[in-house]
Amino acid sequence: MKISILTLFPEMFTGFVETSIIKKAILKEIIEIEVVDMRSFTEDKHNRVDDYPYGGGAGLVLMCQPVVDAIKATRTEDSLVVMMTPQGKTLKQSVSYDLAKEKHIILLCGHYEGFDERIRSYVDMELSIGDYVLTGGEVASMVVADSVIRLVDGVITQESHEDDSFSNGLLEYPHYTRPREYEGMEVPDVLVSGHHENVRNYRLKESLRKTQKMRPELIESRDLTPLEIKLLAEINSEE
Ligand code: ADE
């Protein structure tokens with residue numbers, strides 16, 4: 001998969017592509033990341049990419065010409081052009097799974113007050129990472145790229161993301177590693193019992209417990225299995 005990032009601040013991505021799982025995925029040639037400086041497309045003699053808004057108001061607006069020319073130079077018929085904006089659809093694990101199937105994603109990062117509205121005619125999808133406003137789309141695009149890259153085949157093992165929070169609609173169960181006792185807190189016995197079915201049930205139960213506590217709306221909208229109903233009844237009688 002190729003990910004192209006269209007930005008006015010390419011230097012922000014240096015650490016991102018040189019670290020950990022993203023770096024390994026690039027070295028393994030599973031992922032290619034291209035960072036495109038939109039400023040290099042401007043035809044303005046002062047190198048401007050933004051201008052004052054018609055009708056007045058605060059801030060500067062990204063102009064059509066450099067942004068659209070950057071999109072046109074980067075896209076092919078296999079590309080999905082994604083605009084990073086707080087006005088977009090909210091990123092969820094299910095969206096990341098869908099994006100992980102694409103051949104080429106172009107992440108368009110805005111800055112300043114936003115994009116000239118006409119730029120929206122050149123994008124396939126608008127994506128937000130949450131209901132808050134960042135200074136630009138760069139950090140948001142890293143969030144999207146990171147969550148998508150780890151789901152691309154071969155980047156991490158399948159089991160590593162099958163049990164992730166949200167992958168099965170629940171928050172993930174708790175994890176423990178050595179030592180078995182830390183400042184009086186013990187690892188639950190079932191996890192050292194070697195009994196696989198009990199471990200599976202314990203993890204499902206703790207997943208349900210955590211989800212009910214932190215994100216009850218995920219339980220309310222869930223089609224519960226008979227086992228999940230039984231485990232939730234146990235949890236409710238314990239608490
Ligand atoms: N740009 C500014 N804020 C954003 C957000 N919440 N999501 C995506 N892009 C953004």
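This is a predicted model: local features need pLDDT of at least 70, side-chain atom pairs count only at pLDDT 80 or more; totals for chains, interfaces and linings use all residues.
M83 stands opposite L108 in β6, strands being DSSP runs of E of at least two residues and helices runs of H or I of at least four, both numbered from the N terminus. On the other pairing that involves β6, L6 has L108 as its bridge partner. Residues are numbered from 1 along each chain as its sequence is written, and side-chain values use heavy atoms, with hydrogens and water left out.

Let me stay with β6 for a moment. β5 runs parallel to β6 and is joined to it by six bridges, and β1 also pairs with β6 in the parallel sense, over five bridges, where pairing requires that DSSP finds at least two bridges between two strands. β5, α4 and β6 form a right-handed β-α-β unit, meaning that, with the strands pointing away from the viewer, the path from the first strand over the helix to the second runs clockwise.

In a regular strand the side chains alternate between the two faces of the sheet. For β6 both faces are covered, with H104, I106 and L108 buried on one side and I105, L107 and C109 buried on the other; buried here is under 20% relative accessible area, exposed over 50%, and partly exposed in between, with a 1.4 Å probe and protein chains only.

Which residues touch the most other members of the largest nonpolar core? They are I31, L99, L107, L127, V144 and I149, out of 33 residues, a nonpolar core being a set of buried Ala, Val, Leu, Ile, Met, Phe, Trp, Tyr and Cys residues joined through side-chain atoms within 4.5 Å. Elements giving two or more residues to this core include β1, β5, α4, β6 and α5, and α5 gives the most, with six residues. Apart from this core lies another, of 17 residues, among them M38, V67, I106 and I119.

Finally, the overall picture: the protein has nine helices and 10 strands. Its radius of gyration, taken over C-alpha atoms, is 22 Å, well over the 18 Å that the globule rule (2.2 Å times the number of residues to the power 0.38) gives for 239 residues, so the protein is more spread out than a compact globule. Along its principal axes the C-alpha trace spans about 70 × 40 × 40 Å, and 40% of the 239 residues count as buried.
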